[in-house]
Amino acid sequence: MRLDVITLAPEIVEGLRCYGVIGRAFAAGIAELHLHNPRDHATDRYRKVDDEPYGGGAGMVLKPEPVFAALEAIPVSPRRRVLLMTPQGRPLSQADLRRWAREHDQLVFLCGHYEGFDERIRTLAHEEVSIGDFVLTGGELPAMTIINGVVRLLPGTVGTAASLEEESHSALLLEHPQYTRPADFRGMEVPAVLRSGDHGAIARWRAEQQRLRTAERRPDLHARWLQAEAEAGGAANGAMED
Ligand SMILES: C[S@@+](CC[C@H](N)C(=O)[O-])C[C@H]1O[C@@H](n2cnc3c(N)ncnc32)[C@H](O)[C@@H]1O
């Protein structure tokens, strides 16, 4: 998958190449990362990318010309998706990450800065995405969040498909608790069932823990899971989100 990030701070996004499974995915060619600075497309002598808002108000606004020019200079893959990072966008979910990983061969990220961007920049995007109901100074961390979440779903990045399917949000339920050695750490013991070797009992315990944990921490997800179960006649163990 080709990933293009249009950003005034490419050095922040560059950090994605440096660490862990995502860094290794770039090194192995599973995904390609391309960074584009709108400042390189500014045409005035000061390479200006921002200006005052029409009508007055606090702060500066990202100008349309350098952002349009930066996007137009990027090669277009057949299944490209352009995503605008904005706290006004639709909240990001695991279902979005799965959809982009499955259906697209190129994702382009438009990162805002300052007070935001000229409204006409919105016309460039297929989707506007928010990573939560809070405001950051720029779109780089949101773009990196999405890139991390998408790249780990690409075949070859993470060890086994099973580990992706079992984790939180792959179905509507959160993941069950996990333990490793030692069996007793400062008086906190690993549940006996996990050491029993009884695979049926372990599976039942984990399923029950998923339900309890989700009901306690995310009643909204649990309600959706109950509804999916009812619609599937109680046969499904958590309907997939997408
Ligand atoms: C300071 S914010 C601008 C916020 C803008 N004044 C508003 O109220 O919508 C600068 C940039 O950071 C990015 N950003 C900030 N918070 C974000 C969030 N929760 N999700 C996605 N992008 C965000 C966007 O690209 C945004 O244009």
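Which residues in H4 meet which residues in H5? In this predicted model, local features need a pLDDT of at least 70 and side-chain atom pairs count only at pLDDT 80 or more, while totals for chains, interfaces and linings use all residues. Residues are numbered from 1 along each chain as its sequence is written.

Leu-97, Trp-100 and Ala-101 in H4 meet Ile-146, Gly-149 and Val-150 in H5, two residues being in contact if their C-beta atoms, placed from the backbone, lie within 7 Å. By class, this contact of H4 with H5 has five nonpolar, one polar and no charged residues; Ala, Val, Leu, Ile, Met, Phe, Trp, Tyr, Cys and Pro count as nonpolar, Asp, Glu, Lys and Arg as charged, and the others, Gly among them, as polar. Helices (H or I, at least four residues) and strands (E, at least two) are DSSP runs, numbered from the N terminus. Two packed helices are described by the angle between their axes and the distance between the axes. Helix H4 (residues 94–103) and helix H5 (residues 140–151) pack at about 65°, with their axes 9 Å apart. Axes are lines fitted to C-alpha atoms, for helices over the stretch in contact, and angles run from 0 to 180 degrees between N-to-C directions.

The sheet comes next. Five strands form an open sheet in the order S2-S1-S6-S5-S7, with parallel pairing; two strands pair if DSSP finds at least two bridges between them. Strand S2 (32–36) and strand S7 (127–130) are the edge strands, each pairing on one side only. On average, neighbouring strands of this sheet are turned by 30° against each other, direction ignored. S5 and S7 run parallel and are joined by five bridges, and Leu-83 stands opposite Glu-127 in S7. Helix H3 (residues 64–72) lies across strand S1 (2–6), S2 and strand S6 (106–111), and runs at about 165° to S1.

Two backbone features lie in loops. The peptide bond from Arg-181 to Pro-182 is cis, with omega near 10°, and Pro-182 is placed in the loop between helix H6 (161–166) and strand S8 (184–185). Arg-47, a residue other than glycine, has a positive phi near 55°, and is found in the loop between S2 and strand S3 (50–51).
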